[in-house]
Amino acid sequence: MGVKSISERLRAHPALIGSVLVIVCGLGLWYMPLGKPWVNTSYDYLFRFAAHNATNRLVLIEIDNAAYDQFHQDRTRPWDRALHAQLLNRLATDGCSLVVFDTFFGVTRDPASDSALVLALQRQGRVVLMAEQARVAEQPDRIHPHLEGVQPIRPDGLFLNAAGKDAWGIAWLDPDLDLTVRRHWPFPSPGPYPSLAWRAAEIAGAQLSDVPQERWLRYYGSEPAWASLGYQFALAQATNYYHDKIVFIGNKPRTVLPDNEEDKFRTPYT
């Protein structure tokens with residue numbers, strides 16, 4: 001009788017049939033591999049018609065090709081940590097609210113440069129350091145099947161102690177097949193280990209839900225939404241330029257081609 005009742009209702013309300021079909025097809029496209037391109041397209045086109053205000057408190061300091069030339073650095077070798085120490089001291093003097101290093105301090109090297117960096121990290125106070133990830137042979141957990149074998153490689157204890165034992169996050173992005181990053185890693189987030197962005201948001205004071213769920217990235221425009229400086233220009237800014245700002249420091253890829261660069265990805269505007 002229940003089945004007959006539903007059937008009669010559907011015949012009486014053809015619009016209801018259409019609604020049911022739309023929902024079923026939508027769910028099918030969402031969960032089936034065939035629907036993946038449609039999901040991505042629906043996400044990408046949201047940014048064509050919606051404008052988002054971006055905070056002006058963010059500054060990106062990029063170690064680009066010109067910076068390597070200016071400071072006589074070799075791209076095949078690690079960046080001189082004494083330069084990082086000099087920059088951190090400037091940021092601390094200006095009253096920078098948070099510094100996020102997207103560069104890995106995995107091992108100690110030159111004692112003088114390492115010591116200078118440690119002192120500068122302590123002086124700045126609010127710093128988040130990048131961790132890498134490694135894979136080990138273990139079973140994935142039930143909630144985070146995409147984290148099978150993921151284990152963080154934290155910064156060396158010398159630098160982590162200076163920044164704070166919890167001041168680290170894994171720098172990792174998992175692009176789709178078209179090399180566009182759409183979701184916040186891990187899937188779902190937060191995971192058993194914090195991402196660099198998640199930890200930075202926590203220390204910056206953001207109110208974040210600890211319920212694991214899918215989180216999608218927001219893009220703010222086809223043009224850079226925040227101030228971006230080559231490393232060689234960072235110290236030349238006016239006094240207090242960095243006051244109350246959040247500063248990200250990281251390496252800029254050598255070329256603009258995402259297919260040839262490990263850290264270069266497409267966006268919905270590409």
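Start with Glu-214. Glu-214 pairs with Arg-183 in a salt bridge, with the closest N and O atoms 3.2 Å apart. Keep in mind that this is a predicted model. Glu-214 sits in the loop between helix H8 (196–204) and strand E6 (227–230), and Arg-183 in the loop between strand E5 (168–170) and H8, so the bridge ties together parts 31 residues apart in sequence. Arg-183 is buried, at 17%.

There is also a network. Asp-44, Asp-176, Asp-178 and Arg-182 are joined by salt bridges that share partners. Within it, Asp-178 and Arg-182 bring their closest N and O atoms to 2.8 Å. Arg-182 is buried, at 2% relative accessibility. Asp-178 is partly exposed, at 34%.

Next, Glu-62 and Lys-252. Their salt bridge has its closest N and O atoms 3.9 Å apart. Glu-62 is in strand E1 and Lys-252 in the segment after E7, 190 residues apart. Glu-62 is partly exposed at 22%, and Lys-252 is partly exposed at 32%. In total, the structure holds ten salt bridges.

Now the cores. The largest nonpolar core has 31 residues; among the members touching the most others are Ile-61, Leu-91 and Tyr-242. Helix H5 (81–94) is one of the elements giving two or more residues. H5 supplies the largest share, five residues. Tyr-242 has contacts beyond its sequence neighbours, including Val-59, Ile-61, Leu-91 and Val-247. A second, separate core has eight residues, including Val-100 and Leu-196.

Technical notes:
Residues numbered from 1 in each chain as written. Predicted model: local features only at pLDDT ≥ 70, side-chain atom pairs only at ≥ 80, totals over all residues. Heavy atoms only, no water. Core = buried A, V, L, I, M, F, W, Y, C linked by side-chain atoms within 4.5 Å. Buried < 20%, exposed > 50% of the residue type's maximum accessible area, 1.4 Å probe, protein only. Helix = DSSP H or I, 4+ residues; strand = E, 2+ residues; numbered from the N terminus. Contact = heavy atoms within 4.5 Å. Salt bridge = Lys/Arg side-chain N within 4 Å of Asp/Glu carboxyl O. Lists of a residue's contacts leave out its neighbours within four places in sequence.
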